[in-house]
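Visitor: I'd like to learn how to read a structure like this, one feature at a time. Could you walk me through it?

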Amino acid sequence: MSFPWAKAYEPKAPLMRFLDERLPLPRFVYNAVGAGYPVPRNLSYFWNFGILAGFCLMLQIVTGIVLAMHYSANALVAFNSVEHIMRDVNWGWMLRYAHANGASFFFVVVYIHIFRGLFYSSYKAPREMIWLLGVVIFLLMMATAFMGYVLPWGQMSFWGAKVITGLFGAIPLVGEPLQVWLLGGYAPDNAALNRFYSLHFLLPFVIAGVVILHIWALHIPGSSNPTGVEVKSESDTVPFHPYYTAKDGFGLGVFLLIYCLFVFFLPNNLGHPDNYIPANPLSTPAHIVPEWYFWPFYAILRAFTSDFLLPAKLWGVLAMFSAILCWFFLPWLDRSPVRSGHYRPLFRKFFWFGLIPCMAVLFYCGGAPAEEPFVMLSQIATAYYFLHFLVILPIVSLVERPEPLPYSITDAVLGTPENDGTVKGHMIQGENARPAV
Amino acid sequence: MASTTGAAPDDAMTTVGNPGDGDAGTHPVRRRDFINIAAVSAAGVGGLAVLYPLVSQMAPSKDVLAESTTELDLSAIQPGQAIKAVFRKQPVFVRNLTPQEIATANEVAVDSLRDPETLTERTKEGHGNWLITMGVCTHLGCVPLGAGEGENKGEFGGYFCPCHGSHYDTAGRIRKGPAPANLVVPEYEFTSDTTVVIG
C-alpha cells in the first residue's frame, strides 16, 4: 500500500515506541492522515469533502448519543420528550438543532462529494471499490436519515413513515404483507417507532464501519486528483500532514461557519413546520414532502403517473431505487480511459448542461406540489437522468476524443520544461495551475 | 501556503524563511508561527466550548429542578405517627414526636454520638415535635423502616435500615450500625402551623 517514498513512522518517545510494538495505532494514524500518506499535490477544495463527511458522521453520532439520553421512543411520549429536550434539558435545543441540521449538512457534503466523483470519474479503475462502498454508505445514510426523521413523531414524521413504507407495498405479491411486517402493524405506531429508533441508533455505526472500508480501499491506490493522471513520482505528491490537514482544516472552518449560521440563526429553515404538530393518524398534512435531501428521488417516484405493463406505483418505486442502484454500474458504463472531466470536452458538456440541470429540476420538482407543470418537468428530467447514465455516458465514452493529458501531476502544476530551458505551461483547464517559478 | 516550493512548515521554522514571511533574521516571531498558533488556539478553544454543553446536558434538566420543593399538610398526623412524603424523588419522613420520644432523645449524652447533634438542632423552634428528615440511610441510600405503622423501628425506637442494619434513634440520629451520619434534615420552613415547605 501507498507509494515507496512514503515516510515511515519512526516513534521517538519511549512510550510511543512501546505502543508501536504492541498496538501500532499511532502508526496507523500517521499512515492515514499524517506525513506517512503521500497525496497528489494538486488537490482542489473539492477534495475536502471526504474529511467533511467524516466529520459530519462523528458530529451526528456524538449529538445523537446525547439526544438518546433524553429521548423516549414510545408513541405516547415521543413528541413530548422532544419538546422536553427543547425546553428542559440543558443545551437541549442546541443539541437537537445541531443534530437535525447536521443531517442536512451531511447530505450537502455527501452530494458534493458524489458529484466531485462523477465529474472527475473517481469511480474508474483502480478505484471502483471506493465508489461502490460510497454508494453503500449513501444508501445507509438515506435509511438512517429517514428513520431519524420519524422519531419526533410529528405529523411529517408519521406521514413520512407511512408513505415510505408504502413504497414497499408496491412490490407485487409480497408488497402488502411486507409493509405490515416492516411497520409491525397496519399503520405506523409504537412498534414501528421503536424499531426505527433501534435501527436509527445502529445504522450510523454500520456506516462508520463501511467508512473504514471506504478509506481502506482509498489508501490502496491513493487519492485521485483533478487531472486524473496517476501519481508517477515523489514530486507529484506532498505528505498529507501538514499540507492537507491545513487545507482540510480551512475547509472545515468554512463549513462550520455556514453550519453554525443554520444551527443558531436558521434552525428550522430546512425542516417542516408541520412536524411541530403531534402525529395524527386521521389527518394528512396538505402538502407532504420529504426532507430536501430526498427531493430529487421523490420527484422520480412521482414522475410515473400512468400504468404501462406494470402499475404506475411500481414503476415509480422501481425508478426511484434504480436511480441510485445504477450508480453501482457506473465504473463499467463509462468506458473512457480518461478520468478527469477537464480533459473530456463532450462528457463535460453533458455533465454541466445535462446532468446538473437535470438534478436541479428534479430537486425543485421533488419539493413542489404534485401538479402541473412540475409533474411533466419531473418526467422529462427523470427520462434524462436515466438516459444520461445508461445511454449517453457509455456512448460519449466511446466516441469522445479527449484532450491531451499532461504527462504528470507535476507537469500539470508547474508546466513542462522545454528543450531550450524555458517553461511552457500546457494546462487546459487552469484551475489547479500555479504560475511557473 | 505562501510558497509552492518552500519546505514544510516544520522545516521552515528553522530555516531562513520564505518570501512573505517578513524579515526573519531580525524578528524571531514569524508570520507563519503566528498563523499556526492562532489556528490551533482557535480550534482548541472551539473544541472546549463544544464540550461544555455536552457535559452540561447530563446535569438535572429544568423539569427536574422544578420538582425541588414539596409542600406538605401536617394537620392529619397525630403524635406518634409519621408519613412518607416525596422530595426530589426521594422519601422524606415527617414524624410527629410524642413527649416521651422527645424526652428519650434529650436524655442521650450528645458527646457520645457518632454524629453529635441535639434534637433541638434538628427541629425548628416552636415546632420541636416535628422531626423532618430524608428517608435515605446515610450508609448506602436504602429507605429505613420505622415511618410506617408496625414497621421495625430498631433498638432505639426511631428508624431501622434493613439493608445493612443501621439503627437511628427518635431524633433520627445514627446510634448503631455502619451509617456514618444522622439522617439528613432537608431545608424546610413552616408557612403556617400545619403547612411545611420542603426545599
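Predicted model: local features only at pLDDT ≥ 70, side-chain atom pairs only at ≥ 80, totals over all residues.

Visitor: What is the handedness of the crossing of α11(A) and α12(A)?

Guide: That crossing is right-handed. On the α11(A) side, the contact is made by A:Phe297, A:Ile300 and A:Leu301, while α12(A) brings in A:Gly316, A:Val317, A:Ala319, A:Met320, A:Ala323 and A:Ile324.

Visitor: How do the residues of that contact divide into nonpolar, polar and charged?

Guide: Eight are nonpolar, one is polar and none is charged. Glycine goes with the polar group in this scheme, so A:Gly316, listed in the contact, is the polar one.

Visitor: On to sheets. In what order do the strands of the open sheet in chain B come?

Guide: The order is β2-β3-β4, three strands with antiparallel pairing. To read a sheet, look for the edges: β2 (82-87) and β4 (130-134) of chain B each have a single partner strand, so one side of each has no neighbour in the sheet. Ignoring direction, neighbouring strands are turned by 25° against each other on average.

Visitor: How many bridges join β2(B) to β3 of chain B?

Guide: Six, and β3 covers residues 90-96.

Visitor: Now cysteines. How many disulfides does the structure hold over all chains?

Guide: One. The test is a sulfur pair within 2.5 Å, and B:Cys142 and B:Cys163 are joined with an S to S distance of 2.0 Å. The torsion about their S-S bond is about -100°, so this disulfide is left-handed. The two cysteines are 21 residues apart and link distant parts of the chain: B:Cys142 sits in the loop between β4 and β5 (157-161) of chain B, and B:Cys163 in the loop between β5 and β6 (166-169).

Visitor: Is B:Cys163 buried, partly exposed or exposed?

Guide: B:Cys163 has 37% relative accessibility, so it counts as partly exposed.

Conventions. Residues numbered from 1 in each chain as written. Chains lettered and ligands numbered in written order. Heavy atoms only, no water. Left-handed = near helix turned anticlockwise from the far one by under 90°. Helix = DSSP H or I, 4+ residues; strand = E, 2+ residues; numbered from the N terminus. Contact = heavy atoms within 4.5 Å. Pairing = 2+ DSSP bridges. Axes fitted to C-alpha atoms, helices over the stretch in contact; angles between N-to-C directions. Buried < 20%, exposed > 50% of the residue type's maximum accessible area, 1.4 Å probe, protein only.
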